[in-house]
Amino acid sequence: MKNIAVLASGNGSNFQAIADAIKKGKLKAHLKLLISDNPEAYCLQRAAKAKVKAFIADRRDFSGRKDFEEQIILKLRSEKIDLIILAGFMRLLSGEFIKKYRGRVVNIHPSLLPVFKGAQAIKDAFDYGAKVSGVTVHFVDEEMDHGPIILQEPLKIKEGWSLEELEKNIHNLEHKIYPRAISLFLKGRLRLEGRKVRILKP
Ligand code: GRF
């Protein structure tokens, strides 16, 4: 079975969805590690409850990004991590990091990329008056919210929804789609062809 690590900075509801999918047998993987750059993040409590090892890499404890990423890489190596899963990780990984792990780092974003990039994607779609938004899972490259798309799922924004309702529906969709995308990766069904991802038949 393959080893996976989640990198998160906040709430960790996607971490939870992945841990739950494993527990239910829907996702076959060893969730070996949660890495957080935020010592206060709620995802750390979720990890403790799920009995997943946690590593706090507080950026303030390191002299620079290189040093910070080196510690993360050491951890990933010592746990023999096959797939790095970004789930609300609020730091941009360097080009050197991406070069080392290209095709083995995935991210989830709460919009249909390439629209509404950035940390406020759900609010931006809401404020814009979009009628449809959705969720994207993609391989990570050097740019923010960018890289070959693995899965996308649209969501119709209903007339009269509040921002909170839109957020809730987007997050529910994320929790379904992320384990599905991870499972495709772990089954070896994703083939990177240039900037496109082909999903192979089972
Ligand atoms: C999610 O909306 C994800 O798409 C974005 O950050 C949020 C993280 O939420 N990248 P959580 O910490 O998993 O609850």
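Reader: Hey, which residue in strand 9 stands opposite Glu193?
Author: That's Lys196. Strands here are DSSP runs of E with at least two residues, helices are runs of H or I with at least four, and both are numbered from the N terminus.

Reader: Is this model predicted or something else, and how are residues numbered?
Author: It's a predicted model, where local features need pLDDT of at least 70, side-chain atom pairs count only at pLDDT 80 or more, and totals for chains, interfaces and linings use all residues. Residues are numbered from 1 along each chain as its sequence is written, and side-chain values use heavy atoms, leaving out hydrogens and water.

Reader: Back to those strands: how many bridges join strand 8 to strand 9?
Author: Four, with residues 190-193 running antiparallel to residues 196-199. Strands count as paired if DSSP finds at least two bridges between them.

Reader: And what do the two strands form?
Author: A hairpin, with two residues between the strands. Gly194 sits in the turn, and its phi is positive, about 65°.

Reader: Which other residue has a positive phi, one that isn't glycine?
Author: Lys80, with phi near 50°. You'll find Lys80 in the loop between helix 3 (65-78) and strand 4 (83-86).

Reader: New topic: which residues surround the ligand?
Author: Among them are Ser13, Gly88, Ile108, His109, Pro110, His171 and Glu174 (near means a heavy atom within 4 Å). Helix 1 (13-23), strand 5 (105-109) and helix 6 (163-186) each give at least two residues to that shell.

Reader: What's 2.7 Å from a ligand oxygen?
Author: A polar backbone atom of Gly12. For Asn14, a polar backbone atom is 2.9 Å from a ligand oxygen, while a polar side-chain atom of Asn11 lies 3.4 Å from one.

Reader: How much of the ligand does the protein bury?
Author: 84% of the 370 Å² that the ligand exposes when taken alone (Shrake-Rupley, 1.4 Å probe).

Reader: Last one: where's the cis peptide bond?
Author: Between Leu113 and Pro114, with omega about 15°. Pro114 lies in the loop between strand 5 and helix 5 (121-128).

Methods: A polar contact is a pair of N or O atoms within 3.5 Å; within protein, one must be able to donate a hydrogen and the other to accept it, and residues adjacent in sequence count only if both atoms are side-chain atoms.
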